[in-house]
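Me: I'd like to go through this structure with you, one question at a time. Can we start with how the strands pair up?

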Amino acid sequence: MAISKKERRLSIWIGIAIGIAISSMLVRYALQKKSQQTKDRPGNYNSLACAANGRPFDPIPKKIIDRIPHGIVIYFESNQTNSEKNESTSEKSWIIESAGSFRSERLFVLAREISPVENQNSANGYLFHRASELYLFPKNEITIEQFEKLIDPEEYKIIGENSKTGDWILQIRDFSPTGLRKTKILLSNMDNLISKVTMIPWTPSI
């Protein structure tokens, strides 16, 4: 039995409506799937797994998230104990990749949570530094060229100088918490060449 022109037009519109509805459902499903995969990707704050080695990390404290809302956790270290000024503290460290002023710029931030051990009522402290660079203050008029001959060029590189303080900026290849400690020990043993080694403070771009 032949259908009328009106019925044919109605069938076409019904088919279009069904097609649009199915297409919308597929798009929503794809977006939800992509969002879930992003959340589960190693390094994402919700994944609780480091991007570099897949090891678990503790949940990011809110005060760190507020400073670095969209980051990727590269490394994590906990249970560090320090005793300074007769006060014992424990420390957790997250190495987080954050976007810089330019979209192509990659910044690696050392975010530290410092907790008092004896006084549980004291608030935790939070410190932020650049993870992949250190300030070095040379002594005995040693030049950058002379210093670079004494370090492993695969691991370390002088990338600039602070015009205000005269500190050299040393870039570090292994900027994991363990790698940072090893670098500090190495430089401390070069006290005939370097008088001071300091972390570079970090503040978020506005």
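Me: How many bridges join strand β3 to strand β4?

Reply: Strands here are DSSP runs of E of at least two residues, helices are H or I runs of at least four, and both are numbered from the N terminus. Two strands pair if DSSP finds at least two bridges between them. Strand β3 (residues 106-116) and strand β4 (residues 125-138) run antiparallel, and the bridges joining them number six.

Me: Before we go on, what kind of model is this?

Reply: Residues are numbered from 1 along each chain as its sequence is written, and side-chain values use heavy atoms, with hydrogens and water left out. Local features need pLDDT of at least 70, side-chain atom pairs count only at pLDDT 80 or more, and totals for chains, interfaces and linings use all residues, since this is a model that is predicted.

Me: Which residue in β4 is the bridge partner of leucine 110?

Reply: Look along the six bridges between β3 and β4. The partner of leucine 110 there is histidine 129.

Me: Which residue in β7 stands opposite leucine 136?

Reply: β4 also runs antiparallel to strand β7 (residues 194-201), with six bridges joining them. Opposite leucine 136 you'll find valine 197.

Me: And which residue in β6 is the bridge partner of glutamate 133?

Reply: β4 and β6 pair in the antiparallel sense, over four bridges. In β6, glutamate 133 has as its bridge partner glutamine 171.

Me: How many aromatic pairs are there in the whole structure?

Reply: Rings of Phe, Tyr and Trp (its six-membered ring) pair if their centres lie within 6.5 Å; planes under 30 degrees apart are stacked, over 60 edge-to-face, and the rest tilted. Searching the whole structure on that basis, the number of aromatic pairs found is five.

Me: Why is the pair of phenylalanine 76 and tryptophan 94 called tilted?

Reply: Phenylalanine 76 sits in strand β1 (residues 71-84) and tryptophan 94 in strand β2 (residues 87-99), 18 residues apart. Both residues are buried, where buried means under 20% relative accessible area, exposed over 50% and partly exposed in between (1.4 Å probe, protein chains only). The ring centres are 5.2 Å apart, and the pair is tilted because the planes are at 45°.

Me: What is the angle between the planes of phenylalanine 147 and tryptophan 168?

Reply: Phenylalanine 147 is in helix α3 (residues 144-148) and tryptophan 168 in strand β6 (residues 168-172), so this pair ties together parts 21 residues apart in sequence. Phenylalanine 147 and tryptophan 168 are both buried. Their pair is tilted, with 5.6 Å centre to centre and a plane angle of 55°.

Me: Which residue lies over the face of phenylalanine 128?

Reply: A charge sits over a ring if NZ of Lys or CZ of Arg is within 6 Å of the ring centre and within 35 degrees of the ring normal. Lysine 196 does this over phenylalanine 137, at 5.8 Å from the ring centre. Over phenylalanine 128, at 4.3 Å from the ring centre, lies arginine 67.

Me: On to charges: what is the N to O distance between lysine 92 and aspartate 58?

Reply: A salt bridge is a side-chain nitrogen of Lys or Arg within 4 Å of a carboxyl oxygen of Asp or Glu, and the whole structure has five. This one links lysine 92 in strand β2 with aspartate 58 in the loop between α1 and α2 (62-67), 34 residues apart. Lysine 92 is partly exposed at 28% relative accessible area, and aspartate 58 is partly exposed at 26%. Their side chains meet at an N to O distance of 2.9 Å.

Me: Is lysine 62 buried or exposed?

Reply: Lysine 62 forms a salt bridge with aspartate 66 (2.9 Å, N to O). The two are four residues apart in helix α2, so about one helical turn separates them. With a relative accessibility of 61%, lysine 62 counts as exposed.

Me: Are arginine 112 and glutamate 91 buried or exposed?

Reply: Arginine 112 and glutamate 91 form a salt bridge, with the closest N and O atoms 2.8 Å apart. Arginine 112 lies in strand β3 and glutamate 91 in strand β2, so the pair ties together parts 21 residues apart in sequence. Both arginine 112 and glutamate 91 are buried.
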